[in-house]
Amino acid sequence: MSQYLDFVDLNYKPAKDDLICLFYFEPAKDISVKEAIGRIAAESSNGTWSELTTLKEHIRKIRARAFEIKGNYVKIAYPMELFELGSIPQLLSAVAGNIFGMKAMNNLRLFDIAFPGKYVKSFKGPQFGIEGVKKFMKIYNRPLTATVPKPKVGMTTKEHAEVGYEAWVGGVDFLKDDENLTNQNFNRFDARVKLCAKMRDKAEKETGEKKDYFINVTAETNEMLRRAKLAKDYDFKYIMVDIVTCGFAALQTLRNFTQDSKQAIHAHRAMHATFTRNPKHGVSMLVLAKLSRLLGVDNLHIGTVIGKLVGTKDEVLMLEHEIEHQSEPDFKTNQNVLCQNWYNIKPVIPVSSGGLHPGLVPQIIKMLGKDICIQLGGGIHGNPNGTRSGAIALRQSIDAAIKGISLKEYSKNHKELKVALDKWGSERPV
Ligand code: CAP
Ligand code: MG
């Protein structure tokens, strides 16, 4: 087993162009720490279980090296030659591939990746970023707002578009398809684009505000491009895609398409919790967020802390920092993170969604600031007075937060907010 130890060098100083991975690891019984970290570095670069008669010095030179251990954390440096620039699938096949199945590990988690400039610059990054989206939506001093017409699937196209119109005229900026609404027989994609475009035009005329739609193009790749083109034909500036279920290759194809179509991408992360949730095994949401920024989504769901889905405050704040900052490396967090310089890659808009209602909005703004997108589904369509009131109540809760007035006070002369508070108060749905 000595060949694994060739992938451990605690005196190694990473080169400027090395890609660094931070892993949490738990060796299986009778596997020493050095054996374990050697195996991770070997199996994720160019080693295997046996010495090789075919190994030559020029191949050995580009092996990965485990160079720093702190408790159950190890940093591994990978020479850039091991990677294909501009390819997320190949990166993950290396540093998030076979190693998770090694019998020599009881647990393994890829916590963070630090990309060198050469690698960062081989990606487009977000096309618009926070400033670009706020500019085309003409929204400046408040969060963007979105709503998923609920029930999440089952409404006919007409019902969906009518609920969408009510939300838009009530003050919501964006409609958002739910992650599992695509092209079902009761609500065909093409019909939904056309009818919602009509409703958007009507709502824009009535409100004087820009309205848009995170329409879910998730599908086989060629069909996804067709759907994105159709959304463009109907003047929607955004599209939405389920990045995990679609896969990174498809997402890179879509991002190349949107460079020409000038469409922003709303990234839904459904399925991420299959590998991000277990603190001891899998791939962190931080890694998924960094890959999404490199690849070039404009919006990314990062959690709410106080809503119905998991995500600690420390994790959500660290995610927000990582998708927004440019080059300052340090950010005080209890999570293990590496320093990342983003060079010319634009920031991504954090999306806070999942179990939110107007009673929780001020806490979200206090925690995450105003440069975010807040999505309320049940928190709007569950309002006893209906969708339009629910949307008005959302905008009222944002106004109160921005003005620094308590919701209780503000609801005294804002009846829609009062109805929402009477129903949910500051309840935290689980
Ligand atoms: C929220 C939501 C979103 C979740 C995704 C849902 O609806 O539409 O998919 O926010 O989770 O289906 O639950 P509600 P995350 O507003 O009705 O809760 O944002 O953590 O990726
Ligand atoms: Mg959803």
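## Around ligand 1

Ligand 1 has 17 residues around it, and the closest are Arg 269, His 301, Lys 308, Ser 353 and Gly 355; a residue belongs here if one of its heavy atoms lies within 4 Å of the molecule. This is a predicted model, where local features need pLDDT of at least 70 and side-chain atom pairs count only at pLDDT 80 or more, while totals for chains, interfaces and linings use all residues. Residues are numbered from 1 along each chain as its sequence is written, chains are lettered from A and ligands numbered from 1 in the order in which they are written, and side-chain values use heavy atoms, with hydrogens and water left out.

Sorted by class, that shell holds 3 nonpolar, 8 polar and 6 charged residues. Here Ala, Val, Leu, Ile, Met, Phe, Trp, Tyr, Cys and Pro count as nonpolar, Asp, Glu, Lys and Arg as charged, and the others, Gly among them, as polar.

## Polar contacts and burial

On its own ligand 1 exposes 480 Å², and the protein buries 92% of that; the areas come from the Shrake-Rupley method with a 1.4 Å probe.

Now for the strands, which are DSSP runs of E with at least two residues, numbered from the N terminus, just as helices are runs of H or I with at least four. Two strands pair if DSSP finds at least two bridges between them.

Strand 1 (residues 19-27) runs antiparallel to strand 4 (residues 105-114) over 8 bridges, with Leu 22 opposite Asp 112. Strand 1 is also joined to strand 3 (residues 73-78) by 6 bridges, again antiparallel, and there Tyr 24 stands opposite Tyr 73. Strand 3 pairs with strand 2 in the antiparallel sense over 5 bridges, and Ala 66 has Ile 76 as its bridge partner. Strands 2 and 3 form a hairpin with 2 residues between them, where Gly 71 in the turn has a positive phi of about 60°.

Most residues other than glycine have a negative phi, and most peptide bonds are trans. Asp 30, not a glycine, has a positive phi of about 70°; Asp 30 lies in the loop between strand 1 and helix 2 (33-43). Lys 150 and Pro 151 are joined by a cis peptide bond, with omega about 5°, and Pro 151 lies in the loop between strand 5 (144-147) and helix 7 (157-170).
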